[in-house]
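Student: I am new to this structure. Please pick the open space that deserves a close look, and walk me slowly through its lining. Then set that part in its surroundings.

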Amino acid sequence: MDAEILRSVSRSFYLSIRFLPAQLREPIALAYLLARTTDTVADTAQISGSVRMETLKLLSNGIQGTASRDVVVGLIASFVSLQENASERQLLESLPDCLACLEGMEHADRNDIRLVLEKITRGQMLDLQRFDNPQEMRALSTAADLEEYTYLVAGCVGEFWTRLCFRHVHRFSSRTEDQMLALGKRYGMALQLINVLRDAGSDLRAGRCYFPEHELNAVHLIPSQILSEPERFQPIYRTWLETAKAGLTSGMEYSHTIKNRRVRAATVLPALIGVRTLALLEASGPEALQCTVKVPRREVRAIILSLALTMVSRRKMDAIFDQAKL
C-alpha cells in the first residue's frame, strides 16, 4: 500500500493508521483509499451528476468484483486530468494497484472491505441524487435522513474497524463483538457529523444543506437564509453539536475497552481531535459558517506525543478529552 498517497489524501486518518499493527494497517488503508477514490469521482464537479452516478455505479461493481477491472480503470482515467489537486490525480491513477491488492486480500478481509465500500458508495450516490442541481439549494428532509447519511459514509466504517480488530487482534476488547459494533457505529456517525458541522458553510454555498428541513421549518427558516441569518440557525446547529459530542463519548467508551495499546491509540485519536474541533466550532458561533475551522497541527502533534509518553493510558486519554472541550 502506497504510504505517500495515503498521507497526501488524509490529514488525520493517516495518523491513526500509522499506529496500527501490520495485520490491520493494510486492509484498513486499502479500504480508505478505495473510499477516497469513490469520493473523488462523486465530487468531480466538472462532470455532470448523471455521468458521475453511472461511473460511481461501475466503480462500485468493480470493487465488488462484478465488473471488468480494465473497463473500470479505463473509465476512471477520464477523471484524472480533471483533478486540480495532484494528490487526487495520483489517487485515481493508483486505482489499478488498489483493485489488484483487493483481489489478493485474505478472503474475510476482502469481503469486509467490499461490504463497507458498498455502503459508502450507496451514501455517495444518495448525495448525488439529493443534490443534483448546485444552482438549487436543497436540504435533507428529516433527522433520519441525516442519520442514514452519517451511517452509510462513516458509521459502517466503525463496524468495519470492529470486525477486523476482533479477527486480527488477540483479546481485542473486554466487551462483546455486538456491543463494540454498536459503539463503533455511533462513533463513526459522530465523526461524520463533525464533518457536516465543520463544512456546513461551504456545503451551503454549494447548494447542499444536511440539516433537516423539518427542523428549519420549525424556526421559520429556509436553507437559503442560513448564511444570511446565521443567528436564527444557531439553535439547530448547537443541537447537532451536542449529538456529535454524545457520539464521541461512545468513541471514548469504545477506546477504553481496547487492550492493545497501539490499536487503542489509533482508535482514540479521532475522538480527541474531534472533541477539540467541536469546541472550536462552538466557540466560533455563527462565524463557523464563514471560515474553515481546523485543529492546528501543533495541537494534534501534542496529543500524539502525550499518548505516546503515557503509553496510551486510559487516564491520560480522558484528561486530553476533557481538556479539549475547553
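Tutor: Start with how residues are sorted. Ala, Val, Leu, Ile, Met, Phe, Trp, Tyr, Cys and Pro count as nonpolar, while Asp, Glu, Lys and Arg count as charged. The others, Gly among them, count as polar. Keep in mind that this is a predicted model.

Now go to the second largest pocket. Its space comes to about 230 Å³. Which residues line the second largest pocket? Take the list in pieces. It includes Arg7, Ser10, Arg11 and Ser12. Tyr14, Leu15 and Arg18 are also in the lining. Then come Ile273, Arg297, Val300, Arg301 and Ile304. Sort that list by the classes above. Five of the lining residues are nonpolar, two are polar and five are charged.

Which helices supply the lining of the second largest pocket? Helix 2, residues 13–19, gives at least two residues. Helix 15, residues 297–309, also gives at least two. Helix 15 contributes the most, with four residues.

The loop between helix 15 and helix 16 (314–324) holds valine 312. Valine 312 is not a glycine, yet its phi is positive, at about 55°. Is valine 312 buried or exposed? Its relative accessibility is 7%, so valine 312 counts as buried. At 67% relative accessibility, histidine 220 counts as exposed.

Next, look at a closed space. Searching the whole structure turns up one cavity of 30 Å³ or more. The largest cavity has a volume of about 40 Å³. What lines it? The lining holds Asp112, Leu115, Val116 and Lys119, together with Cys156, Glu159, Phe160 and Arg163. Four of these lining residues are nonpolar, none is polar and four are charged. Helix 8 and helix 9 each provide at least two of the lining residues.

Side chains of opposite charge can pair when their charged atoms come close. The count here is 20 salt bridges. In one of them, the side chains of arginine 167 and aspartate 109 meet, with N to O at 2.7 Å. This pair links distant parts of the chain: arginine 167 sits in helix 9 (residues 143–168), and aspartate 109 sits in helix 8 (residues 107–130), 58 residues apart. How exposed are the two partners? Arginine 167 is partly exposed, at 36% relative accessibility. Aspartate 109 is buried, at 4%. The pairing is part of a network of salt bridges that links Asp109, Asp112 and Arg167.

Glutamate 148 is partly exposed, at 35% relative accessibility.

Lysine 245 and glutamate 242 form a salt bridge, with 3.0 Å between the closest N and O atoms. Both lie in helix 13 (residues 230–256), three residues apart, about one turn of the helix. Lysine 245 is partly exposed, with a relative accessible area of 26%. Glutamate 242 is partly exposed as well, at 41%.

Finally, step back to the whole chain. It has 16 helices and two strands. Its radius of gyration is 20 Å, close to the 20 Å that the globule rule gives for 326 residues, so the chain is as compact as a globular protein of that length. The C-alpha atoms fill a box of roughly 55 × 50 × 35 Å along the principal axes. Of the 326 residues, 52% are buried. Take the contacts between residues at least 6 apart in sequence: 72% of them join residues at least 24 apart.

Terms used:
Residues are numbered from 1 along each chain as its sequence is written. This is a predicted model: local features need pLDDT of at least 70, side-chain atom pairs count only at pLDDT 80 or more; totals for chains, interfaces and linings use all residues. Side-chain values use heavy atoms; hydrogens and water are left out. A salt bridge is a side-chain nitrogen of Lys or Arg within 4 Å of a carboxyl oxygen of Asp or Glu. Buried means under 20% relative accessible area, exposed over 50%, partly exposed in between (1.4 Å probe, protein chains only). On a 1 Å grid over the protein atoms alone, a cavity is a set of points where a 1.4 Å probe fits but cannot get out, and a pocket is an open set with protein on both sides within 12 Å along at least five of seven lines; lining residues have an atom within 4 Å of a point. Grid points are joined across faces, edges and corners, and a volume is the space filled by probe spheres set on the points. The radius of gyration is taken over C-alpha atoms; the globule rule is 2.2 Å times the number of residues to the power 0.38. Contact means heavy atoms within 4.5 Å.
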